[in-house]
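Subject: Structure handover and findings

Hello,

Please find the structure below, for your files. My notes on it come after.

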Amino acid sequence: MQYNTLLESEELGIINYFKPIPVQYLCAMRCSSGKIQYDSQQLAEDALIDQHIYKGFAEHQGPQNVYECRDCGYWHMTSKNTERLPRLQEMIDSGEMRKKQQASQWERRF
């Protein structure tokens with residue numbers, strides 16, 4: 001069964017709650033942490049921003065930054081870092097994040 005077909009299945013009932021992770025963000029799971037691996041810092045940062053927009057995290061919820069893993073060499077997201085991703089902070093401070101979150105909520109309603 002293809003990934004998109006699985007998500008579109010009405011019997012799962014999750015299509016309206018979970019947004020599929022774009023294929024370009026994924027690679028094989030080889031890290032002992034079990035976290036999703038991203039090939040570059042930019043892909044990890046884009047995925048972090050996407051999660052904040054789609055899931056509607058409050059300012060101090062969800063992943064806050066990305067890091068390069070010492071075990072696998074790929075990039076992961078972390079919610080334990082005390083320093084927030086500067087791009088995320090700029091979006092929060094400017095109000096852009098809240099606007100994108102609201103647009104995402106409205107988009108899912110249609």
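This is a predicted model: local features need pLDDT of at least 70, side-chain atom pairs count only at pLDDT 80 or more; totals for chains, interfaces and linings use all residues.

Residues are numbered from 1 along each chain as its sequence is written, and side-chain values use heavy atoms, with hydrogens and water left out.

Overall make-up

The chain has four helices and two strands; helices (H or I, at least four residues) and strands (E, at least two) are DSSP runs, numbered from the N terminus. Along the sequence their order is α-α-β-β-α-α. Of the 110 residues in the chain, 29% are buried, where buried means under 20% relative accessible area, exposed over 50%, and partly exposed in between (1.4 Å probe, protein chains only). Taking contacts (heavy atoms within 4.5 Å) between residues at least 6 apart in sequence, 48% join residues at least 24 apart.

Helix packing

Two packed helices are described by the angle between their axes and the distance between the axes. Axes here are lines fitted to C-alpha atoms, for helices over the stretch in contact, and angles run from 0 to 180 degrees between N-to-C directions. Angles under 35 degrees count as roughly parallel, over 145 as roughly antiparallel, 65 to 115 as roughly perpendicular, and the rest as oblique. For residue classes, Ala, Val, Leu, Ile, Met, Phe, Trp, Tyr, Cys and Pro count as nonpolar, Asp, Glu, Lys and Arg as charged, and the others, Gly among them, as polar.

Helix 2 (residues 41-55) packs with helix 3 (residues 86-94) at an angle of about 30°, the axes being 10 Å apart. Helix 2 is therefore roughly parallel to helix 3. Their crossing is right-handed; a crossing is left-handed if the near helix is turned anticlockwise from the far one by less than a right angle, and right-handed if clockwise. On the helix 2 side the contact is made by Q42, E45, D46, L48, I49, H52 and I53, and on the helix 3 side by R87, L88 and M91. By class, the contact of helix 2 with helix 3 has five nonpolar, two polar and three charged residues.

Helix 2 also packs with helix 4 (residues 96-109), at an angle of about 60° and with the axes 7 Å apart. That makes helix 2 oblique to helix 4. The residues that meet are I49, H52, I53 and Y54 from helix 2 and M97, K100, Q101, S104 and R108 from helix 4. They divide into four nonpolar, three polar and two charged.

For helix 3 and helix 4 the angle is about 85°, with axes 4 Å apart, so these two helices are roughly perpendicular to each other. Helix 3 contributes L88, M91, I92 and S94, which meet E96, M97 and K100 of helix 4. The classes in this contact are four nonpolar, one polar and two charged.

Cysteines

A search of the whole structure finds zero disulfides, a disulfide being a pair of cysteine sulfur atoms within 2.5 Å. For C69, the nearest cysteine sulfur is that of C31, 3.7 Å away. C69 counts as buried because its relative accessibility is 8%. For C72, the closest cysteine sulfur is in C69, and at 3.8 Å this is too far for a bond.

Single residues

T78 lies in strand 2 (residues 75-78) and, at 12% relative accessibility, counts as buried. Leaving aside residues up to four places away in sequence, T78 touches K35, P63, Q64, N65 and Y67.

Y74 is in the loop between strand 1 (65-68) and strand 2, and its 19% relative accessibility makes Y74 buried. Y74 and S40 are 34 residues apart in sequence, with their C-alpha atoms 7.0 Å apart.

A58 is in the loop between helix 2 and strand 1, and at 40% relative accessibility A58 counts as partly exposed. A58 and M97 are 39 residues apart along the chain, and 9.9 Å separates their C-alpha atoms.

E96 belongs to helix 4 and is partly exposed at 35% relative accessibility. From E96 to I53 the distance is 9.8 Å, C-alpha to C-alpha, for a separation of 43 residues in sequence.

Regards
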